[in-house]
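Please prepare a briefing on selected features of the structure shown below.

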Amino acid sequence: MSTPAWARRAVIVLLAGFIGLGALWIERPGLQYDETLFVLASHPRDDAPIAYMMHFHGRPVALMIISYLGALKGWLYVPILRLWPGSVGAVRLPMLLVGAAGLGFLYLLARRAFGWRTALVALALAATDPIYLFTTRLDWGPMAIQRLCLLAGCWGVLRWWQQKRLRDLGLGCFALGVGVFDKATFLWLLAALALATVLVFGRQVWASLRPKVIATALAGLLLGSAAFVYYCWKWPGETFRHEAESPEKYGGKLRGLQQMLEGTALVGWFSRDMDDRPLEPSGALARVVYAVAPREAQAETLLLPALLVALLLLPALPFAPWGRGMLFLLLFGLFGFVQMLVVADAGALHHQALLLPFPQLFVAAGLIGLLDGAGRWLRPGRFRAAATAVVCLLALVLVGANLRGVAHYYFRILAYGGGPAWTEAIYTLDRAIEAGKPEQVVLLDWGQAMQLRVLTADRLPVVEATLPQGAQYDSRYLEAYLANPRVLFVRHAPGEPVAFPQIAAAFDQFTVSRGYRVDVRETVKDFQGRPIFEILAARPAPAPTIPPAPRR
């Protein structure tokens, strides 16, 4: 069945709506450390704490930022930050475009697998899902590129399966390989895809395997992940050091999955608690959000109950194509999550969100499969039209619940501000430090270095006073910086959460013991007026004045 013109226009509207919805108040909340970690690759330094660095014509080139995180995102941002330096939009808008491209491939994939009606419903559900939207907009995982690679790779492999063109298989596997280079956690998704394919389509796949097919698939995977493969060959064992998770933590990961599917997993991530005094709305659009956003602590979407209903409908649907396709989606999600469940330190939101938007596709396939199944036994005319109307109404209800969740998150951001790791005070801190024209900036806690490097176009010589020996901090690390009067220090204001309180404590103890005087040059506040950071300057205490001896 060909796609009608109105449906093609609807796809464009949904993709544009996703970008527009994600671009609202683009500077809120403040930039977060992991969101800007790519600066280690876009502006590499020889002394940067990254996993692997190469030199090309005498210039440093980052290959792997961490043993499991490649430099791909940093490479993409090199031209972006040259054209648009020091801008929040330069950080977040490109990932929104990447997320929209992923949704485009979701539509193409679903149209090939289930038809244009399922593809349109899946696109509508995914483009308005608050978890997919905000994890793309903020991309602190990172996740956006991996989801694009997953959807583009699946589409290419499916196109090869239907048209038998090896070029499609090679391009699809290349996209999957790029996902592995972007972040090694993508291997979980590859393993889940392979297991689901074998169990659902194993006989057909085995019958189509030929030497050319195998060689093309392997070549695409290896070419896409070549940088990661080279790193693993150069430093064997650095990436794969995972241990089994303690069964006591399974419950927390299952609750995290439930919250992701309910749309509430981001509560407490990037906004302050709602116990604070809300900021009044500024602007007409903000007033609309304040008016329509639900004020309860958690605004749930309807994705989880829709998934359960679609799961119950699965046995009643025709096995081909709906049943087999939905079974594949179900097994992929199950296998992907099980790997996150049993691996230690895995299964956080930025891992589980990699499974999106396949749950939305599962629900869309269930809705349209129900409609097609009803069409087999309902008489033409009003009954079939009524079934179509019911399915459309259900889809609209799901989209409305998604938009309600999006409005709730925007209300939290606008009214209460960014959380400790996402504070908008980072923008004021950036300007305040540059105004002081320091030779060096020493951060007395983790969590601000990468944002400052991005916001200042890497003009600030920022150093993190880290913990080189685990929890044991060597205060001698500060001696060289304290000796320079043009060094500024930054720490959190009293009462603010601190990641490593040992650093500030060592700083205070060391300065007192060595006779330094520490002055608060400026207190940096967020949009709500809360003191967040303190900019400190240290200088030797003046020698005590000895009064002259009295005359006799």
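The model is a predicted one. Two packed helices are described by the angle between their axes and the distance between the axes.

**Packing of helix 1 and helix 4**

- Helix 1 (residues 5–22) and helix 4 (residues 88–114) have axes that come within 10 Å and cross at roughly 155 degrees.
- Helix 1 is therefore roughly antiparallel to helix 4, since angles over 145 degrees count as roughly antiparallel.
- The two helices cross in the right-handed sense.
- Helix 1 contributes V11, L15, F18, I19 and G22 to the contact, while helix 4 contributes L96, L97, G99, A100, L103, G104 and Y107.
- By residue class, this contact comprises nine nonpolar and three polar residues, with no charged residues.

**Burial of strand 6**

- In strand 6 (residues 487–492), six of the six residues are buried, so the strand is largely enclosed by the rest of the structure.
- In a regular strand the side chains alternate between the two faces of the sheet.
- In strand 6, V487, F489 and R491 point one way, whereas L488, V490 and H492 point the other way, and all are buried.

**Pairing of strand 6**

- Strand 6 pairs with strand 4 (residues 440–443) in the parallel sense, over four bridges.
- Within that pairing, L443 has V490 of strand 6 as its bridge partner.
- With strand 8 (residues 531–540), strand 6 pairs in the antiparallel sense, over five bridges.
- In strand 8, the residue opposite V490 is I535.

Key. Residues numbered from 1 in each chain as written. Predicted model: local features only at pLDDT ≥ 70, side-chain atom pairs only at ≥ 80, totals over all residues. Heavy atoms only, no water. Axes fitted to C-alpha atoms, helices over the stretch in contact; angles between N-to-C directions. Parallel < 35°, antiparallel > 145°, perpendicular 65-115°, else oblique. Left-handed = near helix turned anticlockwise from the far one by under 90°. Contact = heavy atoms within 4.5 Å. Nonpolar A, V, L, I, M, F, W, Y, C, P; charged D, E, K, R; others polar. Buried < 20%, exposed > 50% of the residue type's maximum accessible area, 1.4 Å probe, protein only. Pairing = 2+ DSSP bridges.
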